[in-house]
Amino acid sequence: MTMSFSEFTQQDYEVIARDYADLKEAAVKRCANQQELDVVQKAFEFANEAHKGVRRRSGEPYILHPIAVAKIVVTNIGLGYKSIAAALLHDVVEDTDYTVDDIRNLFGDRIALLVDGLTKIKVVLDNDAKAKTRSLQAENFKRILLTLNDDVRVVLIKLADRLHNCRTIEFMPEYKRDKILSETMFIFIPLAHRLGLYEVKSEMENIWLRYKEPEAYNDISAKINRNMTDKEKEIDEFIAPISKALEAAGFNFEIKKRVKTPYSIWHKMVTKGITFDQIYDLYAVRIIFTPAPGSTETERDQCYHVFSIITDIYRYKPDRVRDWVKHPKNNGYEALHCTLMSNAGIWIEVQIRTRRMDDIAEKGIAAHWAYKKDGFAGENESEMDKWISKVKEILVNPDVNALELLDIIHNDLNTSDIFVFTPKGEQKRIQKGSTALDFAYSIHSHIGNTAIAAKVNMRLVPLSYVLKSGDQVEIITAETESPKKEWLQFLHTRKAKSIVMDYLKGERNDSIKTGRKMLEDQLSALGYKMTDKIVRKLMDRYGVLEDDPDELYFRIGIGLVKINDLDKIVSKSENSSGPKQWLAWFKNKGKKGGDFVINDAGGTSHKYVIAQCCNPIPGDSVVGFLGPDGSVTVHKKSCPVANDVAAKHGDRIVVPEWEESAQTSFLVRLSIKGLDRIGIINEITRYISFVMSVNIRRINIATEEGVFDGVIDLYVHDKKDLDKLTKKLGKIEGILNVVRTDL
């Protein structure tokens, strides 16, 4: 963040003293003795002097940022005095004349190592002036993850630093804001989730939504506040008999009320195509209990005991029971979830946790360490260790380039696991979506290389069979077998794909020739010649290093890259002004975007390409990306593709702004559901065509047993028209749900 220098006022010093007092109060609870607290005090005094007179873009003293990061480190993540000190010192080496050796001499090796790791991340990640290569940000994230090899606390402190930067993101220019929010969604939020930091993850998600989809955020927040006000009494009445029953059973417990976050509600509305009113698990109650000392029941048994007590009081929804006590999530999360019907007729989710489970759910990996020191180490921590080891294994692979690494880690951070069984009944954890062949490779590379078929639940199946949780799997092998390139078409896990790829590299030259010939033939059939421009476009699309076209041909040759969508990709490259592009006029704010400045000199408008993945319309919050040919592709800010591109190529971001025009119409799709009655379809179409004067391109509605469901594709001028239309359609008798969906 940009800084300036000016003398501090008395008020500045008072604010610094107040914020540090808050931090110190929190640090006292984490420091084991006065000596540890003295280190924190020394780090504050050193950082305060180093940053004296320096201000952030917001105008506040710069030292308030390290103090805030340190407070997140201790309060939200639960780290100890060395991490608190490192957080206070994390910008000193980068922003002042002090060196890592200075930090080492004053604070010792471990704190110096933490500060050095944070400095290495910051030097490139937060410095746009060094944006010179197309894969720069992928390299940045590789640097971040490499610090896992040194000390996981570096990543945790960096997450705290990113959270505070998100909290103060309003003071950044818009192009920088888009870059940071996209990075945050693509890597930092999944990373926080994977390390078990629920509070950090949720706050980042809500900040992302507030700036990417401000209307949706404000609307959902207002509805949450209204609903909580209306339902507060009903939830208290729901809790009362539960409290009474648990007290009678002798439990030492507390009960907390919570409501879904705006982001989680928005995400569910978007992915499921539903309205706010259709989210039935809006409210949750968390029961946190301390296991009775001397009890012969395990923590798991006591969770089930609580479950039996509360389900004697209320009916529960069997298909909404989630037992993460028996099978914890791969980030260590443990709890027993169920959804109960209250006497007032609303579904309420109940989460049952011990105090230890709650600490781990809120503070993640740091709480794992704390409980391990206290003598509690179970399966969950070993799963966390396994994941960190797996990341380290990926990082040291010389054949994985930075862009591939970013995709691998991103996908791995977002995967969920299932449990399957060996023929002897041993339970194995494997990624959801894995095939029988993935399972073979998870056991041993030799078993995978020689696999010919599998038995799942005693039934013979092909190696491409996708496993389900609870399957019992036996792999059939033959010593004469070897990996085949066709396997890459259905393998799911990175480990299995890597082993097969390594094996096939012995035939690399033949595969390159085959892939090049396939690409030339396919392009020729479409009427194109294979130019450098087209090859670069394809390499960019498939995440292949820019200076290695042979890698593209190799992947095509072995079947890892499909070229059945070649026409769409090439036509976008060759015909950037063609009719397929949905060209629209924008006016640009003339703000700086990375290394690029696009000026709206003399009032001249610029042609921008509308991204077909999200089809933004005037009024949507949008972000633009400058292409190699000078064209700008415009996406909705919340578009997953835009977040992917911005996370990898933040230096290409520009800030377009819609120009009002009554002459241009944009195609959108509405999903519509309701209760069928005579004339309702005619009423819908008449309103759209005659009242709103909107042109319908296509309508497809099916009716079954008195309920209709379908989509309407139509042309609108802007989001204001669309919102008005959607609201009016929702008031027609019988219509239950109208939402905008992807084309």
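**Entry 1**

I looked up Phe46 and found it buried, at 14% relative accessibility. Buried means under 20% relative accessible area, exposed over 50%, and partly exposed in between, with a 1.4 Å probe and protein chains only. The model is predicted, so I note that local features need pLDDT of at least 70 and side-chain atom pairs count only at pLDDT 80 or more, while totals for chains, interfaces and linings use all residues. I also note that residues are numbered from 1 along each chain as its sequence is written, and that side-chain values use heavy atoms, with hydrogens and water left out.

Next I looked up Tyr98, which is partly exposed at a relative accessible area of 32%.

I then turned to aromatic pairs. Rings of Phe, Tyr and Trp (its six-membered ring) pair if their centres lie within 6.5 Å; planes under 30 degrees apart count as stacked, over 60 as edge-to-face and the rest as tilted. By this rule I get 11 aromatic pairs. Phe46 lies in helix α2 (residues 34-50) and Tyr98 in the loop between α5 (92-95) and α6 (100-107), so the pair ties together parts 52 residues apart in sequence. Helices (H or I, at least four residues) and strands (E, at least two) are DSSP runs, numbered from the N terminus.

**Entry 1: Trp324 and Tyr333**

I looked up Trp324 and Tyr333, and this pair is edge-to-face, with 5.9 Å centre to centre and 75° between the planes. Trp324 is partly exposed, at 22% relative accessible area, and Tyr333 is buried, at 11%.

**Entry 2: a cluster and two lysines**

I find Phe46, Tyr98 and Phe107 in one aromatic cluster. The charged end of Lys42 sits over the ring of Phe107, 5.2 Å from the ring centre. For this, NZ of Lys or CZ of Arg must be within 6 Å of the ring centre and within 35 degrees of the ring normal. I also found the charged end of Lys317 over the ring of Trp347, 5.3 Å from its centre.

I located Gln302 in helix α14 (residues 299-313). Gln302 is buried, with a relative accessible area of 3%. Leaving out residues up to four places away in sequence, Gln302 touches Phe251, Phe289, Pro291, Ala292, Ser295 and Glu297. Contact means heavy atoms within 4.5 Å.

Asn165 is in helix α9 (residues 152-167) and is buried at 11%.
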